[in-house]
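Open the model in a viewer and keep the selection tool at hand. The stops below go from one selection to the next.

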Amino acid sequence: MPAAPVVPSSMQAICFTEPGGPDVLHLETLQIPKPGRGEVLVRVMAAGVNRPDLMQRQGLYPPPPGACPRLGLEVAGEVVACGLPLEGATMPAIGSHVCALTNGGGYAQYCLVPAGQCLPWPKGFTAEQAAALPETYFTVWSNLFMPSLPPQGARVLIHGGTSGIGTTAIQLVKAFGGQVFATAGSPEKCALCEELGATAINYRTEDFLTRIREMTHDKGVDIILDMIGGAYFNRNLKSLAMDGRLIIIALQGGAKAEQADLARIMTRRLTVTGSSLRPRDSRNKARIAYELQDHVWPLLNKGAICPLIHATFPLAQADKAHAALEAGNHIGKIVLTVSPA
Ligand SMILES: NC(=O)c1ccc[n+]([C@@H]2O[C@H](COP(=O)([O-])OP(=O)(O)OC[C@H]3O[C@@H](n4cnc5c(N)ncnc54)[C@H](OP(=O)(O)O)[C@@H]3O)[C@@H](O)[C@H]2O)c1
């Protein structure tokens with residue numbers, strides 16, 4: 001049996017004491033935590049950067065009670081220690097390579113993760129690619145594909161087509177037989193959406209409602225994955241087909257929908273829903289992980305879909321990674337690379 005990895009007592013982690021711009025982020029030396037029941041300790045090799053991290057840094061998205069208050073919602077690395085298993089659960093093997101949805105604290109050399117939130121690295125993946133998976137795959141799968149898969153040929157509109165979430169959603173909907181429309185804010189970003197198999201709409205030069213009506217011969221789309229919220233609410237409702245579903249996962253365009261046309265929900269039998277991944281409990285996240293491993297990991301393993309990495313930064317340059325995501329020129333994901341302690 002291979003010897004258990006030696007775990008040092010301290011690690012480097014990105015911290016901030018006051019909310020603010022990217023420059024509030026700095027490295028600190030911290031004690032490495034020990035895994036509790038049902039938890040594993042991961043030696044982090046790469047950590048994904050997500051827009052919710054920017055909001056947390058700005059003080060706009062406080063971690064839920066009990067979660068690690070530090071940044072970092074997804075990691076890839078090696079399991080170096082395990083707590084006792086929860087009843088009926090199995091733990092990943094020491095030494096195995098996992099990617100994991102964390103409960104915070106991923107911007108660090110070591111991170112504690114509930115075992116049920118770990119998934120294996122897909123075949124041939126680098127640490128950076130594996131770290132780019134959990135946050136967007138858990139979010140897109142739980143919102144678009146649970147509790148049931150969209151029917152074959154379903155028409156799906158994805159706002160923010162070149163975001164981490166958008167690039168994942170386009171690929172997954174295509175892989176499961178859907179027809180995708182996606183909004184993006186420049187010709188280059190629209191070209192990337194088209195490369196991924198979506199019909200792109202440049203939301204800065206075209207009205208997405210008009211385009212959806214034209215392209216669907218006034219039928220509308222069956223599902224919308226929306227990250228804009230208030231500013232798009234009415235046009236989203238008008239873009240939906242009979243029995244359509246609007247899924248709101250972010251509110252970049254405001255949390256209030258002025259003059260919302262509620263009659264349209266009634267007369268078109270629409271469903272308006274939404275969710276936030278982070279406050280879900282570990283059992284709920286483990287259920288999503290289980291479905292992902294079953295339905296999506298085979299596609300990643302055979303290279304049918306893969307995450308798009310825009311740029312990588314070393315852990316110490318988390319501030320630069322945040323500034324790059326904030327600048328909004330990225331296509332796909334930004335990832336931190338983490339060297340051993
Ligand atoms: N609910 C959840 O559980 C959950 C989980 C993870 C993320 N999220 C949310 O999902 C969103 C994407 O996250 P991410 O990490 O992938 O962020 P990201 O890569 O920074 O993406 C932000 C996207 O928003 C798009 N956008 C901004 N204004 C737009 C508009 N008026 N119309 C269409 N698109 C617009 C941008 O498109 P252009 O660059 O083309 O302008 C960009 O693609 C964020 O709002 C995040 O908070 C929610």
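This is a predicted model: local features need pLDDT of at least 70, side-chain atom pairs count only at pLDDT 80 or more; totals for chains, interfaces and linings use all residues.

Residues are numbered from 1 along each chain as its sequence is written, and side-chain values use heavy atoms, with hydrogens and water left out.

Select Arg51, Ser163, Met227, Ala250 and Gln252: of the 50 residues lining the largest pocket, these lie nearest its centre. (A pocket is an open set of points on a 1 Å grid over the protein atoms alone, where a 1.4 Å probe fits, with protein on both sides within 12 Å along at least five of seven lines; lining residues have an atom within 4 Å of a point.) The space in the largest pocket is about 1,200 Å³, a volume being what is filled by probe spheres set on the points.

Next, colour helix 3, which gives the most to this lining of the largest pocket, with five residues. Helices are DSSP runs of H or I with at least four residues, numbered from the N terminus.

Finally, select Ala89, Thr90, Ala115, Gly116 and Ala286, which lie nearest the centre of the second largest pocket, lined by 24 residues. Helix 9 supplies the largest share of that lining, six residues.

Notes:
Helices (H or I, at least four residues) and strands (E, at least two) are DSSP runs, numbered from the N terminus.
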